[in-house]
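Trainee: Before I use these labels, I would like to see each one set against its criterion.
Mentor: Then ask about them one at a time.

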Amino acid sequence: MQIIVTGILLGGTYALIALGLTLQYGVARIMNLANGETFVAACFIAFWLFTAMQINPLVGLVIIAPAAFAINWAIYSVLLKPLVDRAKNRGMLEVDSILATFGLLFLLQGLMLLAFGGSYFSYTFLAERFMILGNPFGLNRVVAFVAAVVIAVALYWFLYRTRHGTAVRAVAVDPNSAKLVAIDVAKTAAFAFALGGALTACGGALLSTFYTFNASMGVVFTMKALIIVIMGGVGDVRGAVLAALILGITETAVASLIDPGLTIAATYALFIIVLLFRPQGMFGRQTT
Amino acid sequence: MMRLDNTEIRIGFFGALAVAALATLPLFSQGYYLSLGVNLMLYAALCTAWSLFSGPTHYISLATAAFFGLGTYTVGLWVDHVSFPLLVLGGGLVAAGLAALVGLATLRLSGVYFVIFTLGLAELVRQIVSWTQTKVSTRMGLYVFTDFTEVHIYWMLLALTVAVFVTGWLIGRSRLGFAMKIIGNDETVARHVGIDTARAKILLFMISGAFIGIAGAISAPRYAYIEPPSAFNPMISFLVVIMALLGGTKRLWGPLVGVIPFTILFDQVSAQFPNHTPIVMGLAFLAIVYLLPDGVTGRLEQLRARMKRPREKLGEEVRA
């Protein structure tokens, strides 16, 4: 029971980074391998806001999310838009965007290593006991989970209940047909990429309240987010959330029952099962 | 019987001369330049082997570190019990086995799954190896004591590079190479003319992986002490991608053009500014995407084509 609750609490944060990636890949068609670096950068900014300016990380989200939105919009229009324009087909764009975001990954990681060094950081925020079903949990984990749920629900409402959100989903389904119903595809893609970056940054800021982080761990989170996105089906919000919770529970179970050194192996086991049996995602339909 | 035309005989002749000249390097230098030569040879073998698969398919494989580490570990585990040549062969077989598994899981699907799968592969194998090691024995590392010096490793890597080149050339004229050319141009067409695309890709990935595993096995005596984090260093995967793409993968010798300058540059940077290596790698990736999408060799060919074009145009005008 303890494992399941801890896993779900962890899965909440995973869901945010995976939702960010699924928007970036599903709508903007950019496989952003530097996503984990956005995530870690948000950890550091939340850390800095809290220790230097005594700003509560939850309030910090109000600063971090818009900043990440603006920066990701800039990254998309300066670095990635030229690649979208020059690509002759989807495959070329995939190769180009993978290589370009590898470049970003190392560049950002290098800059953060220079700024903060390779050591681990953490800060104490709401480190109190909170009882769920008779078991104690860190209050910071519970608060981070609740915040993640609020953000995810807001995203769901936006995508399924508003005009803009419908446009975003239309581009995800088919960019060429979306043009026919007067959707500005280029702008919607940039918006989705920026929104994805903002969601990822929110996930990072929330994770930093209960997790020790360092400058070079971004790749691990990118990896987890990628696997969640594929498990859930690319561009599928409900699938990503469910997959994130499954991954959170599996990781916690393997770490506490077998060995904490085997978390990547656990993620991969899930990944292989998905690849072999449902490569189109959990809720996806078989393509012909 | 294979027939060779004049150009091929000439290339073969000059190739043999170049290899003979390179083999004499240890006679001139035993210190820094030999060690640099070993590095150059290692990356020449790795990048050319990588391009055997990733060149025609355009799939970016990040599995290099996993194959390399498996080769190193094969030697580390049995160096006291089995003869070295057998172990080198074994390293290649183990790596090819892993390549087959990865290929079966991902190469039937689209390229993105493959990239993502290989991204964490080295880390996955590292975790499994360290976990098994802590269960089976108490020590973390392995000692590799052999009579091999840098000179021997240099010669073995040179021989391996030659083997990779010859294999690449043979694949180029085989049915498999022809199939890969079609798959690289248009996979749908390839499937419609009856090519088993998944089988061809898996086979090629295994060949490429086997060579990388062999390179890892040959390099094992260099380390003397092998630990999971150093054997499965993910940096190797990324460096190989950068060097091969910097040189260009359209020609068999393309990666060499990237290997030589980048190995020297990276050697200097990691010696003098060890904290700046990720930034250099990041800039290299960005430079490849935005400035040299077909690598240096691709750019040179473009320039040559542009030089030719005005002359032809001039010729037409004269004729008119």
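**Labels and their criteria**

Mentor: A:Gln54 lies in the loop between H2 and helix H3 (57-86) of chain A. The model is a predicted one.

Trainee: Why is A:Gln54 called exposed?
Mentor: Exposed means over 50% relative accessible area. A:Gln54 has 61%, so the label applies. Its phi is positive, about 55 degrees, although A:Gln54 is not a glycine.

Trainee: What makes A:Arg29 buried or exposed?
Mentor: The cut-off for buried is under 20% relative accessible area. The value for A:Arg29 is 13%, and therefore A:Arg29 counts as buried. A:Arg29 sits in the loop between helix H1 (2-26) and helix H2 (35-53) of chain A. A:Arg29 also has a positive phi, near 60 degrees, and is a residue other than glycine.

Trainee: How do you know that strands S1 and S2 of chain A pair?
Mentor: Pairing needs at least two bridges. Residues 129-132 (S1) and 135-138 (S2) of chain A have four bridges between them, in the antiparallel sense. On that criterion the two strands pair. A:Arg129 is opposite A:Gly138 in S2(A). The two strands form a hairpin with two residues between them, and A:Leu133 in the turn has a positive phi of about 50 degrees.

Trainee: What makes H3(B) mostly covered?
Mentor: Of its 26 residues, 22 are buried, which for each means under 20% relative accessible area. Just after H3(B) comes B:His58, with a positive phi of about 65 degrees.

Trainee: How many cavities of 30 Å³ or more does a search of the whole structure find?
Mentor: One. The largest cavity has a volume of about 40 Å³, which is over that limit. Helix H3 (32-57), helix H4 (64-78) and helix H11 (197-223) of chain B each give two or more residues to its lining. Among the lining residues are B:Trp50, B:Phe53, B:Ser61 and B:Ile212.

Trainee: How do the lining residues divide into nonpolar, polar and charged?
Mentor: Six are nonpolar, four are polar and none is charged. B:Phe67 and B:Ala63 belong to the lining, and Phe and Ala count as nonpolar. B:Thr64 and B:Ser208 also line the cavity, and Thr and Ser count as polar.

Definitions and conventions:
Residues are numbered from 1 along each chain as its sequence is written. Chains are lettered from A and ligands numbered from 1 in the order in which they are written. This is a predicted model: local features need pLDDT of at least 70, side-chain atom pairs count only at pLDDT 80 or more; totals for chains, interfaces and linings use all residues. Side-chain values use heavy atoms; hydrogens and water are left out. Buried means under 20% relative accessible area, exposed over 50%, partly exposed in between (1.4 Å probe, protein chains only). On a 1 Å grid over the protein atoms alone, a cavity is a set of points where a 1.4 Å probe fits but cannot get out, and a pocket is an open set with protein on both sides within 12 Å along at least five of seven lines; lining residues have an atom within 4 Å of a point. Grid points are joined across faces, edges and corners, and a volume is the space filled by probe spheres set on the points.
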